Amino acid sequence: MSLEDMLKVLDRYKQYLKLMNYEGQINLTGGEPLLHPDFFTIASAISQSGIRLGILTNGTLIDDETAGKLAELKPVFVQVSLDGPSETHDAIRGKGQFEKALKGIDSLKRYGIKVLVSFTAMKENYESFSLLAEVCKEHFVDKLWWDRVVTDDANIFLTTKEFKTISKTASKLKSKYSFISNDRALQGLPDKTCGYSCSAGHRLLIVLANGDMMACRRLPFIIGNILTDEDIEKTVRLSPIMNKLSIPDIPSDCKKCPHALVCMGGAKCVTYAQTGKLGIKDINCYRKKPFNPRRNKQ
Ligand code: SF4
């Protein structure tokens, strides 16, 4: 997409927010957004428009000079992906990548930017979460959160037992460190809570580099194109997939669960990647007992 088209998208988004009376936020992501030659022009246009700006990066291109320029944009956060401590991260992303990302985090913190670290849990790294938490603590990370990898590959995807293990680890760490977040699908189950609802179809719209729009970047459905569709509001409103995702639809297996009204069946993207189905209970949900209101403790 050309710079001109990107500025057009920003303009259309502003009109959409006004029409819907929404407060907006744009997260710039990639690939690696800082590799884009017009990154600072578009990020600055977002910042000046009054729309909140978030940046999702691998952190490796951030030095003090770049962090200084980012600070001028006043982003609400910069999120850096770390897939584990040094050896684990480098085994997944390549030699030397961890060190560069960590230097990026230090530069961001020097410039007073709120830093989120995102950990994508998979077979290769799920056991290293607590070591990463210690690294994040040492580097003053503001928030460490995690997601499950979205894949159909059983060699990478967590089994339910593995998912339960990392959920429990994160839950324990959360009671020790306030910067750790378990605010994603099913991650509160060890604490018998579930305060997360998937935002696909509700509060999220993805725009790809060619203008195609999606309800979620982890669900493979194109709902329209922001450059060519005349009326974005109409595209979103009439999209069958947006409607399917937005209408409260509790999977039948979840009906007796006390978390159902918030959880709504867990992470749709994760389960769709594994099964090709929407509207079914999360594939990693290990909550088996039906709700007993008399216990009143769940
Ligand atoms: S049973 Fe369904 S609603 Fe309850 S926690 Fe599991 S996926 Fe969520």
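**Starting from Phe119**

Leaving aside neighbours within four places in sequence, Phe119 is in contact with Leu82, Asp83, Phe129, Leu132, Leu144 and Trp146. Contact here means that the C-beta atoms of two residues, placed from the backbone, lie within 7 Å.

Ground rules before I go on. This is a predicted model: local features need pLDDT of at least 70, side-chain atom pairs count only at pLDDT 80 or more, and totals for chains, interfaces and linings use all residues. Residues are numbered from 1 along each chain as its sequence is written.

Back to Phe119. In the largest nonpolar core, of 41 residues, those with the most contacts inside are Val115, Val117, Phe119 and Phe129. A nonpolar core is a set of buried Ala, Val, Leu, Ile, Met, Phe, Trp, Tyr and Cys residues joined through C-beta atoms within 7 Å. Buried means 20 or more other C-beta atoms within 10 Å of the residue's own; exposed means 12 or fewer; partly exposed is in between; the C-beta atoms are placed from the backbone. In soluble globular proteins, nonpolar side chains tend to be buried together. Apart from that core lies another, of 27 residues, among them Leu186, Cys194, Ala200 and Ala273.

Now the strands. Helices (H or I, at least four residues) and strands (E, at least two) are DSSP runs, numbered from the N terminus. Strand E4, residues 115–121, runs parallel to E5, and six bridges join them. Strands pair if DSSP finds at least two bridges between them. Leu116 has Lys143 as its bridge partner in E5.

Which side chains of E5 are buried? Along E5, residues 143–148, the side chains alternate. Leu144, Trp146 and Arg148 point to one face and are buried.

Six of the eight residues of H11 (268–275) are buried, so H11 is largely enclosed by the rest of the structure. The buried ones are Lys268, Cys269, Val270, Thr271, Tyr272 and Ala273. After H11 comes Gly276, with a positive phi near 75 degrees.

Next, the domains. The assignment, automatic or from a database, gives domain 1 (3–191) and domain 2 (194–298). Their C-alpha centres lie 21 Å apart. In all, 21 residues of domain 1 are in contact with 23 residues of domain 2. On the domain 1 side, the elements giving two or more residues are helix H1 (3–20) and helix H7 (160–176). H1 gives the largest share, six residues.

Stay with H1. At 1.5 Å a residue, its 18 residues should span 26 Å, and its end C-alpha atoms are 26 Å apart, which agrees. That expected span is 1.5 Å times one less than the number of residues.

In H7, look at Glu162. Is it buried or partly exposed? Glu162 is partly exposed, with 17 other C-beta atoms within 10 Å. Not counting residues up to four places away in sequence, Glu162 touches Lys123 and Tyr126. Glu162 and Tyr126 are 36 residues apart in sequence, yet 7.6 Å apart in space, C-alpha to C-alpha.

Last item: an open sheet of three strands, order E6-E7-E8, with antiparallel pairing. E6 (206–207) and E8 (222–225) stand at the edges with a single partner strand each, so one side of each has no neighbour in the sheet. Thanks.
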